[in-house]
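These are my notebook entries on one chain. I looked up single residues, then strands and a helix, then the cores and the confidence values.

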Amino acid sequence: FVMVDKFLPDFVANGALETLESIPECDWEKSDNASDEYNDVSHSFWSIDSFSCVHDLVRVFMLLLPTKISTISAGKYTRAGHIVAHDDKDIVPVGMADDEVVWHSRDIAVVYYLTKNWKESYGGQFVDLKTGSKYTPKFNSAVFFRVPRIHEVTPVTVNRPRLSFFGWYLVEGIKYDPEAPNGLTHKPIRRSPRLLKKSKHEN
């Protein structure tokens, strides 16, 4: 588990925040128990991964670990937004350059925080349930950890958005059973099964 302060140059971080703040509300996709049939873990947040203006920053994360396939999205938590305890395990089908489909596992998770002046009393904390540590989102900081790792996001208590980028670096093969309980009282968080296409920039 690693937390990095001042993850990107200030001008890049400020530009990324301005970009997320400029995205129209109608372009954010809601993810909660009512809208996500593949995820029965209690959760509520908004995300976007197809908006053209976020592609440059997504590219930055791709280049951090260029030998791994990555799936990165922008995230927004509003009042009551949360995720209960989960371990991020998932198996993802990836369409390779030769059209072969190869199963990959989530290997490394990342969360990059972009909200300024966030306070502990606002909620939205990242709680590492392995150690019991709580992390209040700090502008231009990033958290990296190996999957699986049990964690949660506490409910947001204020009427302002908590903005971030989040996602995973994948490793080829099935490295764990995604349905194994791993000490949880809930099933692992699962996303809609979708076929990722390996970019020509990924090796």
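**Entry 1: Thr115.** I located Thr115 in the loop between β7 and β8 (126-128). The coordinates come from a predicted model, and I read every value below with that in mind. I then looked up what Thr115 touches, not counting residues up to four places away in sequence. The list holds Lys138, Phe139, Arg160, Pro161, Arg162 and Leu163.

**Entry 2: Trp46.** I found Trp46 in strand β3. At 25% relative accessibility, Trp46 lies between the limits of 20% and 50%, and I therefore recorded Trp46 as partly exposed. Leaving out residues up to four places away in sequence, Trp46 touches Trp28, Glu29, Lys30, Ala74, Gly75, Lys76 and Thr78. I also took the C-alpha to C-alpha distance from Trp46 to Leu163, which is 9.6 Å across 117 residues of sequence.

**Entry 3: strand β3 and its partners.** I next examined the strand that holds Trp46. Strand β3 spans residues 43-48 and is mostly covered, with 5 of its 6 residues buried. Which strand pairs with β3 over 4 bridges? I identified strand β2 (residues 29-32), and the sense is antiparallel. Within β3, Ser44 stands opposite Asp32. Strand β5 (residues 82-86) also pairs with β3 in the antiparallel sense, over 2 bridges. There the bridge partner of Ser44 is His82. I noted a further antiparallel pairing, between β3 and β4, over 3 bridges. In that pairing Ser47 stands opposite Gly75 of β4.

**Entry 4: Ser73 in strand β4.** I moved on to β4, which covers residues 70-77 and contains Ser73. The relative accessible area of Ser73 is 8%; buried requires under 20%, so Ser73 is buried. Setting aside neighbours within four places in sequence, I listed the contacts of Ser73 as Ile48, Asp49, Ser164, Phe165 and Phe166.

**Entry 5: helix α2.** I asked which residues of helix α2 (residues 55-64) are buried. They are Leu57, Val58, Phe61 and Met62. Because these four cover an arc of only 155° around the axis, they lie on the same side of α2. I then looked up what covers the buried residues of α2, and the elements include α1 (10-22), β4, β7 and β12.

**Entry 6: nonpolar cores.** In soluble globular proteins, nonpolar side chains tend to be buried together. I therefore searched the model for such groups, and the largest nonpolar core has 27 residues. The residues with the most contacts inside this core are Tyr77, Val94, Trp168 and Leu170. The elements that give two or more residues to this core are β6 (91-95), β7 (101-113), β10 (141-146) and β12 (162-172). The largest share, 4 residues, comes from β7. I recorded a second, separate core of 26 residues, which includes Leu8, Ala16, Met62 and Ala142. Met62 is also one of the buried residues of α2. Returning to Tyr77, I listed its contacts outside four places in sequence: Ser44, Phe45, His82, Ile83, Val153, Val156, Arg160, Pro161 and Arg162.

**Entry 7: whole chain.** I counted 2 helices and 13 strands in the chain. Of its 203 residues, 50% count as buried. The accessible surface comes to about 10200 Å², of which 53% belongs to carbon and sulfur atoms. Among contacts between residues at least 6 apart in sequence, 81% join residues at least 24 apart.

**Entry 8: confidence.** The chain averages 86, and 84% of the residues score at least 70. Where does pLDDT stay under 50? I found one such stretch at residues 185-193, for which the model has 35 contacts beyond four places in sequence. Another is at residues 199-203, with 10 contacts beyond four places in sequence.

Notes:
Residues numbered from 1 in each chain as written. Predicted model: local features only at pLDDT ≥ 70, side-chain atom pairs only at ≥ 80, totals over all residues. Heavy atoms only, no water. Buried < 20%, exposed > 50% of the residue type's maximum accessible area, 1.4 Å probe, protein only. Contact = heavy atoms within 4.5 Å. Core = buried A, V, L, I, M, F, W, Y, C linked by side-chain atoms within 4.5 Å. pLDDT = per-residue confidence, 0-100. Areas by Shrake-Rupley, 256 points an atom, 1.4 Å probe, with all protein chains shown as cover. Pairing = 2+ DSSP bridges. Arc of directions from axis to C-beta.
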